[in-house]
Amino acid sequence: MDYMIRAIDKKNTFRMFMVRSTETVEKARKYHNTTPTASAALGRTLTAGLMMGYMMKNQNDRLTININGGGPIGAILAVSDNSGHVKGYVDNPNVDLPLKQDGKLNVGGAVGLNGKISVMMDVGLKEPYVGSTDIVTGEIAEDIAMYYLQSEQQNSAVALGVLVDKDLSIKSAGGFIVQELPFIEEEDIKRLEDTLNRLKSVSGCFNNDKDVEEIAKDLFSDFQIEITDKIPVEFLCDCSEERMEAALMTIGRDDLKQLIEEDEKIETVCHFCNKKYLFQGKKLKNILNYIEND
Ligand SMILES: [Zn+2]
């Protein structure tokens with residue numbers, strides 16, 4: 001089962017979030033029937049979304065990552081909360097590019113370099129907080145690290161990895177975000193950098209049966225890692241007929257009437273999980289009545 005931990009270095013030099021997200025990404029792959037490149041791009045974004053959501057304070061807080069670099073995959077969207085739930089999609093799940101020279105999936109090529117990564121946090125205030133930065137590599141981890149540095153003045157190391165198996169299923173997925181704390185000293189920064197530089201491939205770190213706690217302690221063996229919290233994570237879509245109905249009611253009376261006259265039914269599809277909702281007969285009349293009397 002996928003889960004996520006929150007940890008701290010005992011000397012208070014950095015905090016860390018780490019997640020194994022193999023089943024989460026596999027569920028997304030099945031919903032969206034993504035190619036390996038799209039699986040990696042969406043999987044990395046979902047994995048980051050889980051950890052970034054975990055940093056928020058309240059259960060009703062929502063975090064949305066929107067990445068659009070003008071590449072063939074189009075936009076990538078992930079929405080998460082602070083309780084280990086994430087949902088997401090990519091505009092073009094069929095994007096397929098040749099592997100890079102190092103044999104890795106070409107996520108950067110699919111995402112593109114001409115655009116922005118935006119992070120929106122809805123924490124129940126009148127206006128959500130929105131920060132955005134230019135995409136630097138399109139490989140997603142570096143882009144999120146840059147977002148933290150530029151938008152939140154937070155020095156962070158972000159590592160995200162998705163391994164796709166021969167049968168296109170997700171072999172392993174996971175990642176971590178390490179954030180320096182205010183009183184970190186020069187020597188610890190150096191030690192942390194050395195640790196991060198030694199790390200070759202993050203996807204490899206999760207391609208095993210190890211506990212996430214163990215992976216964290218192994219990778220950061222130069223520090224004393226203390227696990228402070230742990231929660232299960234999953235891909236969860238919260239769409240429902242009521243929500244779809246509410247969305248239909250916002251498209252405008254005339255447009256809706258026209259749709260109904262043309263077809264006598266309306267089918268809507270949830271972007272996040274591809275579930276179809278069919279409105280016809282009495283259900284449609286109810287929506288029309290509501291709009292007419294509004
Ligand atoms: Zn859905």
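**Exercise 1.** Find the residue in E10 that is the bridge partner of Met4, and describe how strand E1 and E10 pair.

*Solution.* In E10, Met4 has Ile231 as its bridge partner. Strand E1 (residues 3-9) pairs with E10 in the antiparallel sense, over seven bridges, where two strands count as paired if DSSP finds at least two bridges between them. Strands (E, at least two residues) and helices (H or I, at least four) are DSSP runs, numbered from the N terminus. The model is a predicted one, in which local features need pLDDT of at least 70 and side-chain atom pairs count only at pLDDT 80 or more, while totals for chains, interfaces and linings use all residues. Residues are numbered from 1 along each chain as its sequence is written.

**Exercise 2.** Work out the order of the strands in the open sheet of five strands, and name its edge strands.

*Solution.* The order is E8-E9-E2-E1-E10, and the pairing is antiparallel. The edge strands are E8 (156-164) and E10 (225-232), each of which pairs on one side only.

**Exercise 3.** Decide whether Asn33 is buried or exposed.

*Solution.* Begin with its place, which is the loop between helix H1 (22-32) and helix H2 (36-54). Asn33 is exposed, because it has 12 other C-beta atoms within 10 Å; the term applies at 12 or fewer, whereas a buried residue has 20 or more and a partly exposed one lies in between, with C-beta atoms placed from the backbone.

**Exercise 4.** Describe the hairpin that E12 and E13 form.

*Solution.* Strand E12 (residues 265-269) and strand E13 (residues 276-280) run antiparallel and are joined by five bridges; Glu267, for instance, has Leu278 in E13 as its bridge partner. Six residues lie between the two strands, and in the turn Asn274 has a positive phi of about 65°.
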